[in-house]
Amino acid sequence: ELGYDQRTAELARIAGIMHDIGNVINRTDHAQSGAVMAFRLLDKLSMPAEEICSIVSAIGNHDEATAQPLDPISAALIIADKTDVRRSRVRNDDLLTFDIHDRVNYAVEHADLAFSPDKSTLLLDLQIDTKLSSVLEYFEIFLERMLLCKRACTFFDVRFSMLVNGTSVL
Ligand SMILES: [Fe+2]
């Protein structure tokens, strides 16, 4: 939607599909281990070095503890990953054993991410069932991620904005 060429968009999609593969080793430092794993896989597929660099640096820079938007692909991956909150992410079907992450994701009944018509703003519009999770709980988990989205949007010269239950919060 921002006018990047098809291949750049495809590289961002590949980074999106591969970005969490490091979790097969451990959740801790999964961004960095995933980047190393992706390098081996993409190198074996003979992807051009420049494209591999872009994808592995996006994967290695997607975890909020160490994330940096470095190029359009890493910035897009950050925005896609960190705005991905929704009920269907919760695999645990036992509500009694929900942790805060399960509860917050489960409480999100509707999530929509869209540009304003002039593409100056990217709006994350969330509908949260506050009987399941308070808005404060959402931000306990997602504040850092939302600020990272804001930084990644700055890379595109786009304003990041957020509505929760119809109220502007960012
Ligand atoms: Fe991740």
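Predicted model: local features only at pLDDT ≥ 70, side-chain atom pairs only at ≥ 80, totals over all residues.

Which residue has its charged end over the ring of Tyr106, and how far is that end from the ring's centre?

Author: The residue is Arg87, whose charged end sits over the ring of Tyr106 at 4.1 Å from the ring's centre. Residues are numbered from 1 along each chain as its sequence is written, and side-chain values use heavy atoms, with hydrogens and water left out.

Rings of Phe, Tyr and Trp (for Trp, its six-membered ring) pair if their centres lie within 6.5 Å, and the pair is called stacked when the planes are under 30 degrees apart, edge-to-face when they are over 60, and tilted for the rest. By this rule the model has five aromatic pairs. One of them joins Phe98 and Tyr106 in an edge-to-face arrangement, with 5.3 Å from centre to centre and 65 degrees between the planes. Phe98 is buried, with a relative accessible area of 12%, whereas Tyr106 is partly exposed at 24%; here buried means under 20% relative accessible area, exposed means over 50%, and partly exposed lies in between (1.4 Å probe, protein chains only).

A further pair, Tyr138 with Phe142, is stacked, having 4.6 Å between the ring centres and 10 degrees between the planes. These two residues lie four apart in helix α6 (residues 135-155), which means that about one helical turn separates them. Helices (H or I, at least four residues) and strands (E, at least two) are DSSP runs, numbered from the N terminus. Tyr138 is buried, with a relative accessible area of 0%, and Phe142 counts as buried as well, at 3%. Elsewhere, Tyr4, Phe155 and Phe156 form one aromatic cluster.

Rolling a probe the size of a water molecule over the atoms shows where empty space is left. On a 1 Å grid over the protein atoms alone, a cavity is a set of points where a 1.4 Å probe fits but cannot get out, whereas a pocket is an open set with protein on both sides within 12 Å along at least five of seven lines, and lining residues have an atom within 4 Å of a point. Grid points are joined across faces, edges and corners, and a volume is the space filled by probe spheres set on the points. The largest pocket has a volume of about 1,300 Å³. It is lined by 44 residues, of which Leu77, Ile79, Ala80, Asp81 and Lys82 are the closest to its centre.

At least two lining residues come from each of α1 (6-18), α4 (72-82), α5 (100-107), β1 (108-115) and α6, and α4 gives the most, with eight residues. The lining divides into 19 nonpolar, 10 polar and 15 charged residues, where Ala, Val, Leu, Ile, Met, Phe, Trp, Tyr, Cys and Pro count as nonpolar, Asp, Glu, Lys and Arg as charged, and the others, Gly among them, as polar. Domain 1 (1-66) and domain 2 (83-170) each contribute at least three residues to the lining; the domain bounds come from an automatic or database domain assignment.

Finally, consider the loops beside some of these elements. Asp84 lies in the loop between α4 and α5 and is partly exposed, at 24% relative accessible area. In the loop between α1 and α2 (30-44) we find Asp29, which has a phi near 60 degrees, a positive value in a residue other than glycine, and which is exposed at 52%. Lys119, in the loop between β1 and β2 (121-128), likewise has a positive phi, near 65 degrees, and at 30% relative accessibility Lys119 counts as partly exposed.

Key: Lys NZ or Arg CZ within 6 Å of the ring centre and 35° of its normal.
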